[in-house]
Amino acid sequence: MGRVIALANQKGGVGKTTTSVNLAASLARLGKKVLLIDLDPQGNSTVAIGVDKDQLENSIFEVLVGECKPKAAIIEVEQAGLDLMPANGDLTAAEVALLEEGMGPKRLRKALKKIRNDYDAVLIDCPPTLNMLTLNALTAADGIVVPVQCEYFALEGLSALMDTIETVKSQLNDSLHIDGLLRTMHDRRNNLANDVSSELVSHFGMKVLQTIIPRNVRLAEAPSYGESILDYDAASNGAIAYLALANELIRKTQI
């Protein structure tokens with residue numbers, strides 16, 4: 001059975017979408033069958049991987065509200081070597097619909113049961129908030145990767161996220177596991193970034209992944225071309241870091 005991993009942090013601007021897209025592409029490059037699910041109404045992962053979010057026949061919205069089967073919403077992204085379940089602004093309405101149903105937090109898990117065996121890994125790019133969509137992701141996931149920016153306020157909100165994870169484990173998904181905290185946008189020349197990195201290790205110990213994602217211009221540029229970093233600049237430090245992350249997660253989680 002494929003491992004479902006939620007990429008989540010309610011704090012915005014931490015590299016969550018960058019990690020979702022490039023980790024998915026890296027796992028695919030390493031021979032894994034990967035599905036990337038965009039669960040953010042902004043549709044940033046959809047755009048970043050080269051899909052027009054305004055020209056979708058079906059999306060994750062239709063899946064969540066029961067208007068189409070999961071397979072009908074999947075797009076093959078040939079260049080990146082992975083499958084995508086895209087999103088756009090329609091997804092905003094899904095939260096209201098889910099709140100009105102008893103199956104609200106479990107709808108995504110129910111949908112993924114039909115397709116997760118087709119993949120080695122299913123990555124879910126969550127919105128930057130602890131709402132019903134994120135709750136669906138955590139309820140459906142086996143593991144969670146938390147991107148954390150190596151800057152001031154890095155620990156802000158992490159305690160709330162950890163509390164949410166524990167609540168989900170106790171009430172909705174007792175198999176949810178923290179696969180790791182991922183340090184992103186790290187500049188080793190910056191003393192503050194090094195201090196924050198050390199503080200994360202001090203607070204969370206082995207939960208902090210060994211791989212560190214550097215602050216890298218090529219990583220910032222790639223989404224505007226609709227490409228993963230591996231297709232945009234495979235020799236960049238960003239590409240090398242995300243391949244290292246994929247290898248670390250393969251070893252750690254047996255994907």
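How do the residues of the lining of the largest cavity divide into nonpolar, polar and charged? They divide into 6 nonpolar, 2 polar and 2 charged. In this classification Ala, Val, Leu, Ile, Met, Phe, Trp, Tyr, Cys and Pro count as nonpolar, Asp, Glu, Lys and Arg as charged, and the others, Gly among them, as polar.

A word on the basis of these values. This is a predicted model, in which local features need pLDDT of at least 70 and side-chain atom pairs count only at pLDDT 80 or more, while totals for chains, interfaces and linings use all residues. Residues are numbered from 1 along each chain as its sequence is written, and side-chain values use heavy atoms, with hydrogens and water left out.

I turn to the sheet. Helices (H or I, at least four residues) and strands (E, at least two) are DSSP runs, numbered from the N terminus. Two strands pair if DSSP finds at least two bridges between them.

Strand β7 (residues 177–186) pairs with β8 in the parallel sense over 3 bridges, and His186 stands opposite Pro214 in β8.

Next, the salt bridges: the structure holds 10, each being a side-chain nitrogen of Lys or Arg within 4 Å of a carboxyl oxygen of Asp or Glu. One of them joins Arg3 to Asp179, with the closest N and O atoms 2.8 Å apart. Arg3 lies in strand β1 and Asp179 in strand β7, so this pair ties together parts that are 176 residues apart in sequence.

Finally, the spaces. On a 1 Å grid over the protein atoms alone, a cavity is a set of points where a 1.4 Å probe fits but cannot get out, and a pocket is an open set with protein on both sides within 12 Å along at least five of seven lines; lining residues have an atom within 4 Å of a point. Grid points are joined across faces, edges and corners, and a volume is the space filled by probe spheres set on the points.

The largest pocket holds about 340 Å³ of space. Its lining has 21 residues, and Val14, Gly15, Lys16, Thr18 and Met185 lie nearest its centre. The second largest pocket holds about 220 Å³, and its lining includes His186 and Pro214. The largest cavity, with about 40 Å³ of space, has Val14 among its lining residues.
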